[in-house]
Amino acid sequence: MLASSFIAFLHFVFAFGVVATLFFEWLTFSRTPTLREAKLLAAADRWYGAFAGGLLAVGALRVVYFEKGWEFYKAMPFFHLKLTLFVVIGLLSIYPTISFARWKSTLQAGQAPQIPETQYQRISRLLSLQMLLLVLLTLSASLMAKGLRF
């Protein structure tokens, strides 16, 4: 019981970490970030990846060892929807992550990145779409937890 509670706690910490870091990126990203903002965006994106990886690992542990078991989850359409949304969000995060990582040398030189308009528009749209899908993922998780089916 204690181990299950601790794993559930970790799952929530990682989930809230994903939400917080993505929200920070979405809120902070601008056409002309300051050096400080750019450094914070790059750091938040690294944390976002770490939280997402932790969430996936702990979620897998919960499914297999600590909750209702794989048989329950594999029959749940909202579980599959939740996982699909998680993967799609992860795929949508690749372009912003690569873009932020490419700022490294500019940031180390003490300069703010120059973001071309097309790149700004693309990253902005991707962050907004990730936020929207994260809301749908959260809804799917709630429906799954209640055992609802389509």
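1. In this predicted model, H1 and H7 pass each other in a left-handed crossing. Their axes come within 9 Å and cross at roughly 150 degrees. Angles over 145 degrees count as roughly antiparallel, so H1 is roughly antiparallel to H7. On the H1 side the contact is made by Val18, Val19, Leu22, Phe23, Glu25 and Trp26; H7 contributes Leu127, Ser128, Gln130, Met131 and Leu134.

2. The length of H7 agrees with its residue count: at 1.5 Å a residue, its 29 residues should span 42 Å, and its end C-alpha atoms are 42 Å apart. After H7 comes glycine 147, with a positive phi near 75 degrees.

3. The largest nonpolar core has 28 residues, of which Val18, Leu22, Phe29, Ile89 and Trp103 touch the most other members. Two or more residues each come from H1 (2-28), H2 (35-66), H4 (77-92) and H7 (117-145). The largest share, eight residues, is from H7.

4. Trp103 deserves a separate entry. Apart from neighbours within four places in sequence, tryptophan 103 is in contact with Phe29, Ala38, Leu41, Pro113 and Ile115.

5. There is also a second, separate core of six residues, including Tyr73, Met76, Phe78 and Phe79.

Key. Residues numbered from 1 in each chain as written. Predicted model: local features only at pLDDT ≥ 70, side-chain atom pairs only at ≥ 80, totals over all residues. Heavy atoms only, no water. Core = buried A, V, L, I, M, F, W, Y, C linked by side-chain atoms within 4.5 Å. Buried < 20%, exposed > 50% of the residue type's maximum accessible area, 1.4 Å probe, protein only. Helix = DSSP H or I, 4+ residues; strand = E, 2+ residues; numbered from the N terminus. Contact = heavy atoms within 4.5 Å. Expected span 1.5 Å × (residues − 1). Axes fitted to C-alpha atoms, helices over the stretch in contact; angles between N-to-C directions. Parallel < 35°, antiparallel > 145°, perpendicular 65-115°, else oblique. Left-handed = near helix turned anticlockwise from the far one by under 90°.
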